[in-house]
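This report looks at how the chains of one structure meet one another. Please keep the sequence and the 3D view at hand while reading.

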4 protein chains.
Amino acid sequence: MSSKKVAGVLGATGSVGQRFILLLADHVDFELKVLGASSRSAGKKFVDAVNWKQTELIPEFAKDITVSECSPEAFGDCDVVFSGLDAEYAGPIEKAFADAGLPVISNAKNYRREPDVPLVVPIVNPEHLDIVANKLSSLKAAGKSKPGFIVCISNCSTAGLVAPLKPLIEKFGPIEALTTTTLQAISGAGFSPGVPGIDILDNIIPYIGGEEDKIEWETKKILAPLSEDKKSVVLLTDDEMKVSAQCNRVAVSDGHTECISLKFKNRPAPSVEQVKQCLKEYVCEASKLGCHSAPKQTIHVLEQNDRPQPRLDRNRDQGYGVSVGRIREDSVLDFKMVVLSHNTVIGAAGAGILIAELLVVKNLI
Amino acid sequence: MSSKKVAGVLGATGSVGQRFILLLADHVDFELKVLGASSRSAGKKFVDAVNWKQTELIPEFAKDITVSECSPEAFGDCDVVFSGLDAEYAGPIEKAFADAGLPVISNAKNYRREPDVPLVVPIVNPEHLDIVANKLSSLKAAGKSKPGFIVCISNCSTAGLVAPLKPLIEKFGPIEALTTTTLQAISGAGFSPGVPGIDILDNIIPYIGGEEDKIEWETKKILAPLSEDKKSVVLLTDDEMKVSAQCNRVAVSDGHTECISLKFKNRPAPSVEQVKQCLKEYVCEASKLGCHSAPKQTIHVLEQNDRPQPRLDRNRDQGYGVSVGRIREDSVLDFKMVVLSHNTVIGAAGAGILIAELLVVKNLI
Amino acid sequence: MSSKKVAGVLGATGSVGQRFILLLADHVDFELKVLGASSRSAGKKFVDAVNWKQTELIPEFAKDITVSECSPEAFGDCDVVFSGLDAEYAGPIEKAFADAGLPVISNAKNYRREPDVPLVVPIVNPEHLDIVANKLSSLKAAGKSKPGFIVCISNCSTAGLVAPLKPLIEKFGPIEALTTTTLQAISGAGFSPGVPGIDILDNIIPYIGGEEDKIEWETKKILAPLSEDKKSVVLLTDDEMKVSAQCNRVAVSDGHTECISLKFKNRPAPSVEQVKQCLKEYVCEASKLGCHSAPKQTIHVLEQNDRPQPRLDRNRDQGYGVSVGRIREDSVLDFKMVVLSHNTVIGAAGAGILIAELLVVKNLI
Amino acid sequence: MSSKKVAGVLGATGSVGQRFILLLADHVDFELKVLGASSRSAGKKFVDAVNWKQTELIPEFAKDITVSECSPEAFGDCDVVFSGLDAEYAGPIEKAFADAGLPVISNAKNYRREPDVPLVVPIVNPEHLDIVANKLSSLKAAGKSKPGFIVCISNCSTAGLVAPLKPLIEKFGPIEALTTTTLQAISGAGFSPGVPGIDILDNIIPYIGGEEDKIEWETKKILAPLSEDKKSVVLLTDDEMKVSAQCNRVAVSDGHTECISLKFKNRPAPSVEQVKQCLKEYVCEASKLGCHSAPKQTIHVLEQNDRPQPRLDRNRDQGYGVSVGRIREDSVLDFKMVVLSHNTVIGAAGAGILIAELLVVKNLI
């Protein structure tokens, strides 16, 4: 017990915060001790401050924790802090935490585009955590006893998209063009208020503010190499990889579906069978390292022609596995396929937990 | 009254047949007199034979019509016959009707790929009806007093797709590549049994049997020119136009949404503003000719960034108008946009009615 | 044209206000000239102030109207004012309008329980408008040149419930006990923000704040007699009529379904056939008086055992007709049946329009 | 391992059969060895015969089992047989199995109304299994080495309804009147074809064939005492308990919601607090006996006014716990409340498993 890392959650009463709490209940590596929220909630018992809206009950251990202000002082004992703060508030708070020597794993978008902040999909690019290792060495060399840093979780629809791309690029070389049309679950919009019921019943909303740009930009960071000094990411250029996204909100509770097409740079392109084989064989580093939440099977290649489906397939490997189906040739680019990922697990809070597990294994927290 | 054309409906008890009946109630050009269905229904009063499942009540005039067998004899007085038969039965029946000198407008797929059978989206390629004019001349010249023929209605998702393409090609030249990812309504699957509720609630089905091939093939026929002798359609080749479709069934009752991307052959490509202007200005021939059901505005170009939406926009111009939104540049092809069309109107029975109105105006029935 | 009454709408940018505007477009009795909304919107063109979210397009005539403040001065030319204001604001504004001599038809709950304010379901208790006639006589006798008053529209789920009760009570005498379990559409909750999508998808919310009390109380006012001097309503007592409601929100866009049971006071109770006959024969006064929006058939008695259904039956008589099905004996009370009504038509804005039409016919505006 | 009872499943490819298989995977008491289905499937490997449609993957152990015919010979080694057969086929097959000395736990309705066949909701009336004990004694006394019998699982909506009634009757005496209006999930209708999507999207179906009668009849058996000789159930009469049900199908995947009202015979009726206390304190016999699947908390009394909700509360205690909320006084009967139960767990396959666990503990198999 005593060897567990002490964890805290920022934005604990929100949608992402509640999921962090669920995932940290009885976790083998972490013991959740501090819950931070807005001044309105601070000082209350968590059970009285939160409007709990999960399908699992609020964990007993969390009920009586007194909610703290989101200040580094309150989180001083933490080995790691998970942030589910809204972008509106996350900026200065997360920076203050890192400056105070706290490792922060953030679901907010605020620091994703900083070249020296790793943007990590844990089943895809854990090697970007080398930036953290590098930074810690420097900070320690500079005599800092408690060096802090920020690691960013990617946008939810980006996470699912890049999962199959990583092994394909490793095996078959650069992807020069990529399109994705997303059919995204409403849980991704949070719940205060999120997507109004009258807008999504018997309907589709063919627009999610900022989402297409996030996909197009983040993909080019997550799949990019590190600089030689391992201090930053060297973004892929448009010449190296063109990405185009069209985003839709649909009446699905959890699970983002993406219809993607891609074209390899190298000719001849691989065969459909080679693509399938490559995806099936992919074992992410987190799995190799034995991280607790890592999927048994990173990518599930489904052969039935009407799969993956969100209701049936979103919970593969507790939501940490990504499902890919309908892999076939495309007459415009090279291949088309359908990718399904669990947006609140590998696309949000769950990714944060697995990133933290990687940091533990890599001795970075 | 006496100047109305006499109409019949094949497959009158089915989903498409019921909509033909609704659209023909109080129609200015047609008087519906004959309803044909399977032997199980034949001989019964229509109201007793049908499991009526429309949001409008069954029209009074139809209730007491005695259902006929689907034989040309029973439809001998008809000037035009609308077929809502399933593909399983449509083949020999529709052929027998045409052979017997009856004009048949069919929603089935059976004859869509015959080069000398027009495949018509009435707001897009009414000029393909010249094949009929040509055939009628020949038949009359050969002394046939009652010349029959078949005109096919396109697949529902193809209809919405080609609507904006037609004016764009007319104005800016060939489209060399086209992708569409569809989010299709469940009404398109009929209702016996159609899509099971448990399969579509909180879910997406990323597959519709045969649909992608239909879109890819039919698009290249509908947008193709006629042969010089106007006897057949000269299909576009893959070199002329590459089409790639990914089809999904979603929890929407009516209205197919399509996220499309396209690339023009000619350089430089037009601007976004030119594309919008071109679509706004398009007036389909059926509108110019004053057809009763023709849309006032063929293509509605929507500027709000979260439109078109099926629940809000599917009924523009009684479902005969197509809505296009989010017209913007695409980093992989030239342009992306979202197209919404009413699958049971312009994509099925409604298209049949407007084709028939065109045939009347063109003196072909 | 010049003989039309001039109308205004308060709360014009809201959900109910938008529907008032749609229903008043091209109305035979009214010409809508004034649109009032909050200070935030006042001064803007309506099209710029409103977030229009109806399935019909915003009417052309309304687009360019400059939005007014909700002050009686701005509505001075109006013969009638329709209020779609939220209860939060409606109280003082509606009172000020009535005091200023303006007839106000209100959808808010604020004045529903005033004994001298008629609470009117227009297909049920138009005779309660006698209170208005009485009041106008007094005011005119007192020399008031422009006498104002308020008439309240009932709660949406109450409207459907009382429709079949009225003819039953007229024919078979008092109902001593009544239970209703409602399955209510989300459009009844408005759209800012209304019911969150994540709360209603694959779900039921077995609670609507204040709704059960509204049904239980309003039913006893709407079905009550007037006092002898016609100055107020004499509420039914619990001894005369017990009403018990259980309210649920379900994933339906429009149309409230209610499963009701009732017990007559008089023995023997009528037969199922007598109940059906009574409902079929009922013609509401608005229909007898020829009001434009009055339903052709006030109550549709459906014999198929799986009807009424919201998607199929909510639009009977443009939403002004109420559907009743599954009329059968009940082993606990006397009868059970299912009642469906269109909550935004007969249960809200539409009721307001029909009340106004009654006021015109009765020479009260 | 060797001490586990051998189990078989009839109707293994169907909706209920698939759930039996999931629940029997890795079960502490049972080892599933025989899977029976129709002749069409018999002889195939299960994985090839089944259209698996569960959110969990098909268990590895089941994939390679060769499907058997539904004959007692094929199930000769079984200690217990779970039947998920449709009522159309269940009658003669289940009888043949029982006659052949096999204990059958059936989800079909065929034998539910036999006085000497226990109809068991395992968290409610396990004492009805005394009929089995009694029968086994007789059979063994008569020299039958392998005595068979049938135990029936109740209808799904009945199971949830009777759960709170049992402790209330035990504590406060007879319930003389009971009404329930159900909002039932579509999974209860199976999936071939089940409820069509077009019928349930944005809709309610206010009718489920035979369901109301099942609820009204089964409730009076499940809550009834055994005869003195413990050979049969002595059905409650209408005078002892009046039950009235109104059933609706709604767009919910799993979880039946019921709005119930009830009136006790004894006066004065208990208080709301007493009712809540009674439900909270109830511990079903299966829990006391330590059955593996028995709920930790039999009835969850929820105090938030908008609960229980199917999406949030259906999985309490793996679906074996029933949730009750909104307990309040009723002006027509004594109390109203909302009951939520998981229809495929405590209302179907799950109940069968828990019944079997009770049979093991009671040494009846």
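In this predicted model, the interface of chain B and chain A holds 32 residue pairs in polar contact, counting pairs in which both residues have a pLDDT of 80 or more. On the side of chain B that touches chain A, the elements that give two or more residues are β7 (175-184), α7 (197-200), α8 (211-222), β8 (242-249), β9 (256-264), α11 (310-313), β11 (322-329) and β12 (335-341) of chain B. The element that gives the most to this side is β8(B), with seven residues. Sorted by class, the residues on the side of chain B that touches chain A comprise 23 nonpolar, twelve polar and 14 charged ones.

Eight salt bridges are found across the interface of chain B and chain A. One of the salt bridges in the model joins Glu212(A) to Arg326(B), and its closest N and O atoms are 2.7 Å apart.

How many residues does each chain bring to this contact? Chain B supplies 49 residues and chain A supplies 48 residues. Between chain B and chain A an area of about 3600 Å² is buried, and carbon and sulfur atoms give 51% of that area. Within chain B, the residues that lose the most area to chain A are Asp202(B), Ile204(B) and Gln246(B), which together account for 17% of what that side buries.

Chain A also meets chain C, and there 15 residues of chain C are in contact with 15 residues of chain A. The area buried between chain C and chain A is about 1100 Å², with carbon and sulfur atoms giving 73% of it. Across the interface of chain C and chain A there are two salt bridges, while four residue pairs are in polar contact, again with both residues at pLDDT 80 or more. The side of chain C that touches chain A is made up, by class, of ten nonpolar, three polar and two charged residues.

Over all chains, the structure holds 84 salt bridges.

| Partner | Partner | N to O distance |
|---|---|---|
| Glu212(A) | Arg326(B) | 2.7 Å |
| Lys53(C) | Asp199(A) | 2.7 Å |
| Glu170(C) | Lys166(C) | 3.8 Å |

Glu170(C) and Lys166(C) both belong to helix α6 (residues 156-172) of chain C, where they are four residues apart, about one turn of the helix.

One annotation from a record can be set beside the model. An unreviewed UniProt entry places the feature "domain: Semialdehyde dehydrogenase NAD-binding" at residues 6-132 of chain A. In the model, residues 6-132 of chain A are 27% helix and 17% strand, and the end C-alpha atoms of this span lie 19 Å apart.

Technical notes:
Residues numbered from 1 in each chain as written. Chains lettered and ligands numbered in written order. Predicted model: local features only at pLDDT ≥ 70, side-chain atom pairs only at ≥ 80, totals over all residues. Heavy atoms only, no water. UniProt positions renumbered as here; feature names shortened; annotations may be inferred. Contact = heavy atoms within 4.5 Å. Buried area = accessible area lost by both parts, 1.4 Å probe. Salt bridge = Lys/Arg side-chain N within 4 Å of Asp/Glu carboxyl O. Polar contact = N/O pair within 3.5 Å; in protein donor to acceptor, adjacent residues only side chain to side chain. Nonpolar A, V, L, I, M, F, W, Y, C, P; charged D, E, K, R; others polar.
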